[in-house]
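The sequence and structure are shown first, and the account follows.

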Amino acid sequence: MTKHRLVIGIDEAGRGPLIGDMVVTGVAVSSSVINKLEQLGVRDSKALSPGARSKARAAVLSEVPVSFVSIYVHAAEIDSKNLNTATLEAAKTVLLLIRELAWRGGEVEIYVDEIKGGESKLRRFSTELYGDKLAVFVMEPEADSKYPVVSLASIIAKTLRDESIQPGRVLFGDFGSGYSADPKTVKWVTEYSKLSPPPLIVRRKWRNLERLAPSWWKKSARSLLDYIKRGET
C-alpha cells in the first residue's frame, strides 16, 4: 500500500443472533499506521476474548489516529428487510460518512468483509463517492482475518454490539449473548415467551423462534407498525 492513502475497513457484528442490534463499523486510518495496528494486537475479533477486544480497542484509539463510524441496525429493521440488504445499506452509509468526516482528497483503499451479493453494488457506490481516487476496492470472505483495518472494524463493531445489549439485560433479564447457540439465550427465550409478548430487541423473523418460541415467531409476519397500532409492543 502506498503511503498516505486513506485506508478504510468495514465489518459487522451481530448478523446472526436472535436478540439485539447488528452493528456495522467502518474505520479509516492512514496507510502509514497499518503496521502499528498489528503491533497493538489488532486481529479478527472472533480470535480474541471480550477482554482482549476491549484492551485492543482502547490501545488503538489512544495511540493511533483513527476515525470510525458505527451504524446500529435495529432488530425491527432487520426483520423488515433481507439481512444482506440491511448490511449493504449500512455499509453505504458508513462510507458516505467517512468521506464527509475523514477524506481529504487523496487516494483511498477500501477493504470489506464479504456481504453476500453486495460486491458489485458497493464497489459502484464507492466509485461514485471517491471517483478516480479509489485506488483499491476489496470485498472478501474473512477479510477481518486478512487486513488489519478490517480487523479493527471487527473489534470495534463487536465491542459496541456487546455493550449495546447490556440495557436489554437490565430490562428483561440476563439472556446471555443473544445467540441461539448460547444455552442462556435459549433458556431465556423459551421461558420469557410463555410470560410476555416479544420485546422489540427480539428478531421475530428468525426461524429459530418457530421451535423455541412459536407464539413469537407467528407474529413475525406482522410489521413493527402493526404491533404499535395494536399496542402489542
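Buried means a relative accessible area under 20%, exposed means over 50%, and partly exposed lies in between, computed with a 1.4 Å probe on protein chains only. Helices (H or I, at least four residues) and strands (E, at least two) are DSSP runs numbered from the N terminus. The model is a predicted one, in which local features need pLDDT of at least 70 and side-chain atom pairs count only at pLDDT 80 or more, while totals for chains, interfaces and linings use all residues. Residues are numbered from 1 along each chain as its sequence is written, and side-chain values use heavy atoms, with hydrogens and water left out.

**Confidence**

The term pLDDT denotes the predictor's confidence in each residue, from 0 to 100. The protein chain has an average pLDDT of 89, and 91% of the residues score at least 70. Confidence is highest in strand 4, at a mean of 98, and lowest in helix 11 (residues 224-230), at 52. Where pLDDT is low, the predicted coordinates should not be read in detail.

**Helix 8**

Which residues of helix 8 are buried? In this helix, which spans residues 183-192, they are Thr185, Trp188 and Val189. These residues lie on the same side of helix 8 because they cover an arc of only 95° around the axis, the arc being that of the directions from the helix axis to the C-beta atoms. The exposed residues Pro183 and Lys187 are carried on the face turned away from the buried side of helix 8. At the start of helix 8, the backbone nitrogen of Lys184 has a side-chain oxygen of Asp182 within 2.9 Å.

**Pocket and cavity**

Rolling a probe the size of a water molecule over the atoms shows where empty space is left. On a 1 Å grid over the protein atoms alone, a cavity is a set of points where a 1.4 Å probe fits but cannot get out; a pocket is an open set with protein on both sides within 12 Å along at least five of seven lines, and lining residues have an atom within 4 Å of a point. Grid points are joined across faces, edges and corners, and a volume is the space filled by probe spheres set on the points.

The largest pocket has a volume of about 230 Å³. Its lining consists of 15 residues, and those nearest the centre are Glu12, Ala13, Gly14, Lys46 and Asp144. Strand 1 (6-13) and helix 6 (148-164) each supply at least two residues of this lining, with strand 1 giving the most, 3 residues.

By the rule above, there is 1 cavity of 30 Å³ or more. The largest cavity has a volume of about 60 Å³, and its lining is formed by Ile10, Asp11, Glu12, Val24, Thr87, Ala91, Val112, Asp113, Glu114 and Ile115. Two or more lining residues come from each of strand 1, helix 4 (83-102) and strand 4 (108-113). Strand 1 provides the largest share of the cavity lining, 3 residues.

The table gives each lining by residue class.

**Serine contacts**

A polar contact is a pair of N or O atoms within 3.5 Å; within protein, one must be able to donate a hydrogen and the other to accept it, and residues adjacent in sequence count only if both atoms are side-chain atoms. Ser31 occupies the loop between strand 2 (22-30) and helix 1 (34-39), and counts as buried at 11% relative accessibility. A polar atom of the Ser31 side chain lies 2.9 Å from the backbone nitrogen of His4. Ser126 belongs to helix 5 (residues 119-130) and is buried, with a relative accessible area of 0%. A polar atom of its side chain lies 2.8 Å from the backbone oxygen of Leu122.

**Separated pairs and a loop residue**

Gly105, in the loop between helix 4 and strand 4, is partly exposed at 32% relative accessibility. The C-alpha atoms of Gly105 and Arg5 are separated by 9.6 Å, although the residues are 100 apart along the chain. Ala52, in helix 2 (residues 50-63), is partly exposed at 30% relative accessibility. Ala52 and Ile155 are 103 residues apart in sequence, with 9.5 Å between their C-alpha atoms.

Glu142 lies in the loop between strand 5 (134-140) and helix 6. This residue is exposed, with a relative accessible area of 56%, and has a positive phi of about 60° although it is not a glycine.
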